[in-house]
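This report goes through one structure site by site. Please keep the sequence and the 3D view at hand while reading.

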Amino acid sequence: MTNNKYVLSWIDEMAAMTQPDKIVWIDGTEEQAEALRAEACSTGEMIKLNQEKLPGCYLHRTAVNDVARVEGRTYICTPTKEEAGNINNWMDPAEMYAKLKKLYTGAMKGRTMYVIPYSMGVVGSEFAKYGIELTDSIYVVLNMLIMTRVGTSVLEALGDSPDYVKGLHAKADLDEENRYIVHFPQDNTIMSVNSGYGGNVLLGKKCFALRIASYLGRKEGWMAEHMLILGVEYPNGEVRYISAAFPSACGKTNLAMLIPPEVFRKKGYKVWCVGDDIAWLRVGKDGRLWAINPENGFFGVAPGTNEHSNYNALATTRKDTIFTNVCHNLDDNTVWWEGLDDNPPKNALNWRGEKWDYTKYDKNDKVGTSGAHPNSRFTAKAINCPCISPEFNNPAGVPIDAIVFGGRRAKTAPLVYQSFNWQHGTFVGSIMASETTAAAAGAVGVVRRDPMAMRPFAGYNMGDYFKHWLEMGKKIPNPPKIFHVNWFRTDDAGHFIWPGFGDNMRVLLWILDRCSGAADAVETPIGYVPKAEDINIEGLDIDINVIRDLLTVDKASWLEDVENIKEFYKLVGDHVPAELYEELAALESRLG
Ligand code: GTP
Ligand code: SPV
Ligand code: MN
């Protein structure tokens, strides 16, 4: 399919090491995809679902020890440890290549190696970047066909150039002890072995579009961020764009596809989804910051998705979708997950593929008793989303008015606040914290600092990453304003106070009003907070005093946070820019 000698010699080298029985090039045609689906169904790798109710939909189960990203086994192998920084795992590249070589040698014996040429961004466009993933998993091929733009057109656009990201994935024997997700930023190379799950193996996503791309972005003067992109359409037809960084499983897909509350819908407000997970941001000729979504689909969290919480996501998954680790309803050969509806299937298999008894469900042991794994996912096409933005395929992207950071915090962080300026906004991003979720292996519900939601995804030293943010601010003549939100404050009984989901629109409108100068604010030690009456609660059964509560800034708990931030900056190490230490000192003195 190509004469590109860099591509061909690399594939030869990888095939010599992994020793597949055959090599199949993925051309992007529906015929080939359909043949692969049939093959995967014949081996049990995938299950064809009820084609009347869910046309084009399939179910896949991963190994039970392989259900989330593995941050502890994810490496950034730069020539020096200092380049990778203290937050990333690091190993000397030569040592890591040697270790991996052992694991890959013969790993594809008796198997097929698929060659997937893919593009992040619109093929042939100025900002697109290309990758080739070699994998021995049909599941990976079929997911990449949804998540990225795949096929011969990519090879044509790449031409004779050596400028592509090399990705090698082998399932090997799914051995947890030898699972590695490794990035060699200087070599444009990603190597993944012993996993078959999502972000570990769909190498265009977190590995390329965040870790490698963040490294490239710093070199080339742009940004790769863990951000959704959405457009708010006003009744007069004007659309204004927001990008927002929340940690994994903290609400990006939900916010990106939100349906405004009825009072706003009636007035003519709409929300358009440009992207739900990753944004590549560049300074436009007009001096504003422009964003593209480099992906072509959604790899979304299934549990909690329903007609009310996220109608658009649910609608997107009604055709051409691959479900991973959800519950299988045997009565009608469909899928189910916790939070879909109140009718758990009586005759079903859980995410492990075992007979499932819904009466034994215990919310304190979700992994053990739920029908769907808490990190079960759907892989669905962006074009099937009812609210996909008309700008989705615009290679120039969309101009961003507001950047929003957010985390899952039961206390401390108010519903929303605005930073004083770009430098302070960078500081606000750098001190983001959130309770951990099932999206990564490890404990759930523990507060950890997750700067810009990029802690697991920065492809270089976190301190240098902060510096890059500060430098970008100087390069954007007309920068977006920077905000922070928290949908997850809880009351003493542990219930969420803010209704969230569609009602988050009310907060977005305040944010956009701040950007256009239409809304007032109160200055507090942490930034500008809305006046309670400026959050529109029309049609919402909530007392204004509850809004007041949600907006309070508790000095004592913020001072505790300051101590924790100091510890975190120390951990990031001596690359943390002086400007951020100044911001930290200023925050402490304002609180004091
Ligand atoms: P990744 O795909 O892992 O990056 O996750 P994400 O950031 O896209 O998170 P997603 O939108 O899938 O939401 C994750 C979980 O948070 C789901 O269980 C949602 O139901 C829940 N959630 C999302 N938005 C809200 C909200 O506004 N309020 C509350 N209480 N829960 C929310
Ligand atoms: C995340 O964990 O942030 C995801 C899912 O979006 S994964 O592709 O597994 O990274
Ligand atoms: Mn994500």
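Why does the arrangement of the six donor atoms around the manganese ion (ligand 3) count as irregular?

## The manganese site

The structure is a predicted model. The arrangement around the manganese ion (ligand 3) is irregular because its six donor atoms subtend angles of 64 to 173°. For six donors to count as octahedral, opposite donors must be over 155 degrees apart and all others between 65 and 115, so that anything else is irregular.

On the protein side, the donors to the manganese ion (ligand 3) are NZ of K206, NE2 of H226 and OD of D277, at 2.1 to 2.4 Å. Along the sequence these donor residues follow the spacing K-x19-H-x50-D. K206 belongs to helix α8 (residues 204–220), while H226 sits in the loop between β11 (223–225) and β12 (227–233), so the pair ties together parts that are 20 residues apart in sequence. Both K206 and H226 are buried.

## Ligand 2

The shell around ligand 2 consists of R69, G199, K205, K206, H226, S248, D277, F299, R377, A439 and F457. By class, the residues of this shell are three nonpolar, three polar and five charged. K206, H226 and D277 are in the shell around ligand 2 and are also protein donors of the manganese ion (ligand 3).

Several polar atoms of the protein lie by the oxygen atoms of ligand 2. A polar side-chain atom of R69 is 2.9 Å from an oxygen atom of ligand 2. From G199, a backbone N or O atom lies 2.9 Å from an oxygen atom of ligand 2. For H226, an N or O atom in the side chain is 3.3 Å from an oxygen atom of ligand 2. On its own, ligand 2 has 280 Å² of accessible area, and the protein covers 98% of this.

## Ligand 1

Which residues come nearest to ligand 1? Of the 21 residues around ligand 1, they are A249, K252, T253, N254 and R377. The shell divides by class into ten nonpolar, seven polar and four charged residues. R377 is also listed among the residues that surround ligand 2.

The backbone of G251 has an N or O atom 2.9 Å from an oxygen atom of ligand 1. The backbone of T253 likewise places an N or O atom 2.8 Å from an oxygen atom of ligand 1. In R377 it is the side chain that supplies an N or O atom, 2.7 Å from an oxygen atom of ligand 1. Ligand 1 exposes 670 Å² when taken alone, and the protein buries 90% of that area. Two or more residues of the shell around ligand 1 come from each of the elements α9 (252–256) and β17 (297–301). The largest share, three residues, is given by α9.

## A buried lysine

Is K129 buried or exposed? K129 has a relative accessible area of 16%. Buried means under 20%, so K129 is buried. K129 is part of strand β6 (residues 129–135). Its side chain makes a polar contact with the side chain of E220, at 3.4 Å.

## Two exposed residues

G517 is placed in the loop between α15 (505–516) and β29 (522–524). Its relative accessibility is 62%, so G517 counts as exposed. G517 and Y465 are 52 residues apart along the chain, and their C-alpha atoms are separated by 30 Å.

A94 is in helix α4 (residues 93–104). With 53% relative accessibility, A94 also counts as exposed. The C-alpha atoms of A94 and P79 are separated by 8.9 Å, with the two residues 15 apart along the chain.

## Positive phi angles

Most residues other than glycine have a negative phi. A172, a residue other than glycine, has a positive phi near 50°. A172 lies in the loop between β8 (165–170) and β9 (180–184). At 29% relative accessibility, A172 counts as partly exposed.

M452 is not a glycine either, and its phi is positive, at about 50°. M452 is found in the loop between β27 (447–449) and α14 (462–475). Its relative accessible area is 0%, so M452 is buried.

Definitions and conventions
Residues are numbered from 1 along each chain as its sequence is written. Chains are lettered from A and ligands numbered from 1 in the order in which they are written. This is a predicted model: local features need pLDDT of at least 70, side-chain atom pairs count only at pLDDT 80 or more; totals for chains, interfaces and linings use all residues. Side-chain values use heavy atoms; hydrogens and water are left out. A residue is near a molecule or strand if one of its heavy atoms lies within 4 Å of it. A polar contact is a pair of N or O atoms within 3.5 Å; within protein, one must be able to donate a hydrogen and the other to accept it, and residues adjacent in sequence count only if both atoms are side-chain atoms. Accessible areas come from the Shrake-Rupley method with a 1.4 Å probe; for residues, only the protein chains shown count as cover. Ala, Val, Leu, Ile, Met, Phe, Trp, Tyr, Cys and Pro count as nonpolar, Asp, Glu, Lys and Arg as charged, and the others, Gly among them, as polar. Helices (H or I, at least four residues) and strands (E, at least two) are DSSP runs, numbered from the N terminus. Donors are N, O and S atoms within 2.8 Å of the metal (3.2 Å for Na, K and Ca); water is not among the atoms, so sites may look incomplete. Four donors count as tetrahedral if all angles lie between 85 and 135 degrees; four count as square planar and six as octahedral if opposite donors are over 155 degrees apart and all others between 65 and 115; anything else is irregular. Buried means under 20% relative accessible area, exposed over 50%, partly exposed in between (1.4 Å probe, protein chains only).
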